[in-house]
Amino acid sequence: MFEVWAEKYRPKTLNEIINQKHVVERLKAFAKDKNIPHCLFSGRAGVGKTASALALAHDLFGDKWKQNILELNASDERGIDIIRNKVKDFARTKSIDSEFKIIILDEADALTRDAQQALRRTMENFTQTARFILICNYSSKIIEPIQSRCSVFRFKSLSDDHVKKYIERIAKGENLAITKDGIDAIIEISEGDLRKVSNILQASSIANKKINADVVYEVASQAKPKDVSEMLNFAINGNFNNARKKLHELLLIQGLSGEDIIKEIHKQIFSLNIPEQEKVRLIDKTGEYDFRITEGGSALIQLEALLAQFLDVKK
Amino acid sequence: MLVEKYKPKKVNEIIGQKKAVDIFLKWIRNWKPGKKALLFHGKTGTGKTSLVQAYALENNLDFIEMNASDFRTSEQIQQNLGHSIKQQSLFKKGKIFLIDEIDGLAGREDIGGVKEIIKIIKESYYPIILTANDPWDPKLRSLRTYCQLVQFDKINVWAIYKKLDEISRKENLQIDQDVIRQIAKTSEGDLRSAINDLEILAAGKTKINSENLESVGFREKETNIFEMLKIVFKTNKIEIAVDAIQNVSKDPEEILLWIEQNILNEYEKPEEIIKAFEALSRADLFLGRTKKRQNWKYMKYTIDLMTGGVALSKKQIYSKFSRYQYPDIIKNLGKSKAIRNKQKEELLELSKRLHCSTKKIKEFYLPYFKLQDNSNNFHK
């Protein structure tokens, strides 16, 4: 597989982190002392939280940093028990070259309150051998007992200038020709998310020698998920059979969750080519079936019932 | 219905049950008031009811059939049967009683039920036949001493095949021998379901080959469910629709998927589709509540809404023949599971490499990867 630029241009050391000076300075001090407390990193997507955690590990442990970290993702580990077991296995042995190992728990705000309570105990039990870096978008979703055990670092959103710097760095590294309006377009679309920046750049560079605003917008629009709007249009045009098939594909083949699909449907209603009054009605319906899913209904049946409502749209 | 049309009218038309028929005939010829009743047991569709019915018809007897599960109390048994077993038949030479599903009787609240039935057997002026799914049910112990047990075996495949062949010739069905053989085989000795299968396949199509067989998802035996779908979609009486589910040996969750699959095969008007899916949505919601709270009292609402609710979503009954299908969801579950597992594996691999969750990979990376590499595995 091709090399992913988001990975290639990920900062290797704390010095390479863009912006986030207030955070980086303190983390550097930790690296120098060879000791860190439990940490909580919060901030928007793509501003460098995971990158900082990995860079910190790199600066702390040198070449052997990979052996001394465990990366976990709260949204992928099924349940706190699995997390606990993995932590146990990892933290049971002491690191040879360091006082402790680092456990990075990404998307910690995906854990329920109960799971967080259990996590708190786990953190206490392994303090001798491991430090936790919890990463989340919103620190308010982390229970207070955990917050109080951690040094909290808030990552700032990136300014346009920072994004531009990052674009230029990749452009230089990859020998890209990119116009000024191309850069502006990327800045606008990426909304300060560097992961998005590198992905748009990489996709744009495939077919185009020169990256300008047109190319960037084209790539961005193609990368937008179209399945949901296709599905809705089938239903609006009275082809319920195809709408239903599309839904089955999204749920069963692509493995999307009902929650994700309904979120996307809600978003798409605004841009449908139907009377405003109908949009209001459909949003109301969307809310109702969303609620029914929460209440214990199955995503499949509830979403089908919602799709059926689109058959009724007055044009 | 073919099943009705080809119901045996004489005892010698009963197929595949020679032993049971002989016992029955010997018993009834010697029957006098005070003698034992017969207790028929065996699979459905093997001819238990048909035998008694055919005999009644042949001998000009009143055939009185009731279902034991209708009797909630011993008083009700007395009311329903007490007089009848002693009265003379008005128009016929005599009477014969069939009480179905005797093991549906009893339970705690009608503790007197079995006793009452025994009393009926002792006092009756007319022969009584009982049927049971499980004659060895402990609660029937005392009843068994007043009954002679008659076992109805599964009807053998060859006999079923011959019967189906005969029907299809009389009905002028253009049907491959292979298909008939397949139906006979999958019926597992249940002649009624086999004839129903034949009818479902035959209706609407003039030429039937094994492809049709596949199109209705025949591999697994789904006779009853097709019958049920037909009833639900072709009635506008809530009770009939709700009752239709009684004989289906699938759990409501699966039946819901069968109904889901076939709404579009029956209903054509948007308002009907909307209404039907709304009913299904409510049914599904109660199913969720049932499971969530482990409280089965909500299940009845699920059943009522998914059958009655869907049935009453139509404006008029469609007179067309609808071909009902096996649910896509169930068919694809295994297949899509394999695909999903493979995707999951690849996602986890990427997740490790790119230091973020699979959810983020799907959201932030995959759309761009697809643009770069069309042969990428994630391109569905």
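**Close-up 1. Helix 8 packs against helix 10 in chain A.** In this predicted model, helix 8 (residues 180-190) and helix 10 (residues 213-223) of chain A meet at an angle of about 30°, and their axes sit 7 Å apart. Angles under 35 degrees count as roughly parallel, so helix 8 and helix 10 of chain A run roughly parallel to each other. On the helix 8 side, the contact uses A:Asp181, A:Gly182, A:Asp184, A:Ala185, A:Ile186 and A:Ile189. Sorted by class, that makes 8 nonpolar, 1 polar and 2 charged residues.

**Close-up 2. The buried residues of helix 8 of chain A, and what covers them.** Tucked away here are A:Gly182, A:Ile183, A:Ala185, A:Ile186, A:Ile187 and A:Ser190. Their cover includes helix 7 (160-174), strand 6 (177-178), helix 9 (194-207), strand 7 (210-211) and helix 10 of chain A. Just past the end of helix 8, look for A:Glu191, which takes a positive phi of about 50°.

**Close-up 3. The largest nonpolar core, with 77 residues.** A:Ala235, B:Ile259 and B:Leu280 are the ones touching the most other members. Helix 14 (residues 270-293) of chain B supplies the largest share of this core, 10 residues. Zoom in on B:Ile259: setting aside neighbours within four places in sequence, B:Ile259 contacts B:Leu229, B:Val232, B:Leu280, B:Met306 and B:Val310.

**Close-up 4. Another core, of 76 residues, lies apart from the largest one.** Its members include A:Val47, A:Ile103, A:Ala130 and A:Cys136.

Key. Residues numbered from 1 in each chain as written. Chains lettered and ligands numbered in written order. Predicted model: local features only at pLDDT ≥ 70, side-chain atom pairs only at ≥ 80, totals over all residues. Axes fitted to C-alpha atoms, helices over the stretch in contact; angles between N-to-C directions. Helix = DSSP H or I, 4+ residues; strand = E, 2+ residues; numbered from the N terminus. Parallel < 35°, antiparallel > 145°, perpendicular 65-115°, else oblique. Contact = placed C-beta atoms within 7 Å. Nonpolar A, V, L, I, M, F, W, Y, C, P; charged D, E, K, R; others polar. Core = buried A, V, L, I, M, F, W, Y, C linked by C-beta atoms within 7 Å. Buried ≥ 20, exposed ≤ 12 C-beta atoms within 10 Å, placed from the backbone.
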